Amino acid sequence: MCELFGWSSSAPVRPEHYLRAFRARGGETADHVDGWGLAYLADGAFRIEKAPSPAVQSARFAWLAAEVASELIVGHVRKDDFPPIRALANTHPFEHRCCGATWVFAHNGLVPGAVERSRTVVPQRCTAEGDTDSEHAFCLVLDALAGCHRPDASMQRAACVDTLAGAARAIAGFGKFNFLLSDGERLYAYCHDRLHALERAASERRQVAIATQPLNDEPWTAFAPGELRVYRKGSLVAETLGANALSEGVPS
């Protein structure tokens, strides 16, 4: 499988401690050795750096872990179960534009049925550039969001969050579907079976780190299966629990 890392903060900071531990999951403390990638927000836009090689061997990843200061990060270390091909096009995070925003996405699990499904859905909001079930699933997610997301409207609206949760549950029916998604403003985290969060608040600063497995000995909390959380600037702004409706207020 693969592992995920997410970061949302009220101000740009360096999550160096977490990124160094996450880099180690790519060949030192875990065997996810077939690629690594980081998407991080800088000057209002995502920058993506990735390579189809072990994270723990990457001097570039080591430099990024020490130097990147951002309020939003989506990271991934890959084990190439589907397809078993090391290639840049198959390395997460993926990036596509849809409905007035640039989105990044990373996935843990296997949903091979998403490949055939994405090839039959019309209209297509994006076309997968690689061979992974993950990127095909990403396109299915964007198809679902296209009907409710507007660049001048709040993605925190209950209807749109529920739309995303419904799409996630449907795709999870193909196998296993844990993912991180961002439109450059918010971080969406969906747990099929394994995801953890560490929320911190100090004065006016708020931060949340999300990872497949806890990255240190701090008190990480596990997501519930089927739970979708939405974070903005380090704060939880919405969540759904399984098939339940939006369970938290959604400030604009």
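Setting aside neighbours within four places in sequence, Asn178 is in contact (heavy atoms within 4.5 Å) with Leu4, Ala106, His107, Asn108, Tyr190, Cys191, His192, Asp193 and Arg194. Keep in mind that this is a predicted model, where local features need pLDDT of at least 70, side-chain atom pairs count only at pLDDT 80 or more, and totals for chains, interfaces and linings use all residues. Residues are numbered from 1 along each chain as its sequence is written, and side-chain values use heavy atoms, with hydrogens and water left out.

**Asn178**
- You'll find Asn178 in strand β7 (residues 178-182); strands (E, at least two residues) and helices (H or I, at least four) are DSSP runs, numbered from the N terminus.
- Asn178 has a relative accessible area of 0%, so it counts as buried (buried is under 20%, exposed over 50%, partly exposed in between, with a 1.4 Å probe and protein chains only).
- Its side chain reaches the backbone nitrogen of His192 at 2.6 Å.

**Trp220**
- Trp220 sits in the loop between β10 (205-211) and β11 (221-222).
- Trp220 is buried because its relative accessibility is 10%.
- The side chains of Trp220 and Asn216 are joined by a polar contact of 2.7 Å (a pair of N or O atoms within 3.5 Å; within protein, one must be able to donate a hydrogen and the other to accept it, and residues adjacent in sequence count only if both atoms are side-chain atoms).
- Beyond four places in sequence, the contacts of Trp220 include Tyr18, His196, Leu198, Ile210 and Pro214.

**Helix α1**
- Tyr18, a contact of Trp220, is one of the buried residues of α1 (residues 16-24), along with Leu19, Phe22, Arg23 and Ala24.
- Among the elements covering those buried residues are β1 (3-13), β2 (36-42), α2 (59-67), β4 (70-77) and β9 (196-202).

**The whole chain**
- There are 5 helices and 13 strands in the chain.
- A compact globule of 252 residues would have a radius of gyration near 18 Å, and the chain agrees with 16 Å (taken over C-alpha atoms; the rule is 2.2 Å times the number of residues to the power 0.38).
- Along its principal axes, the C-alpha trace spans about 45 × 40 × 35 Å.
- Of the 252 residues, 55% are buried.
- Among contacts with a separation of 6 or more, 65% come from residues 24 or more positions apart.
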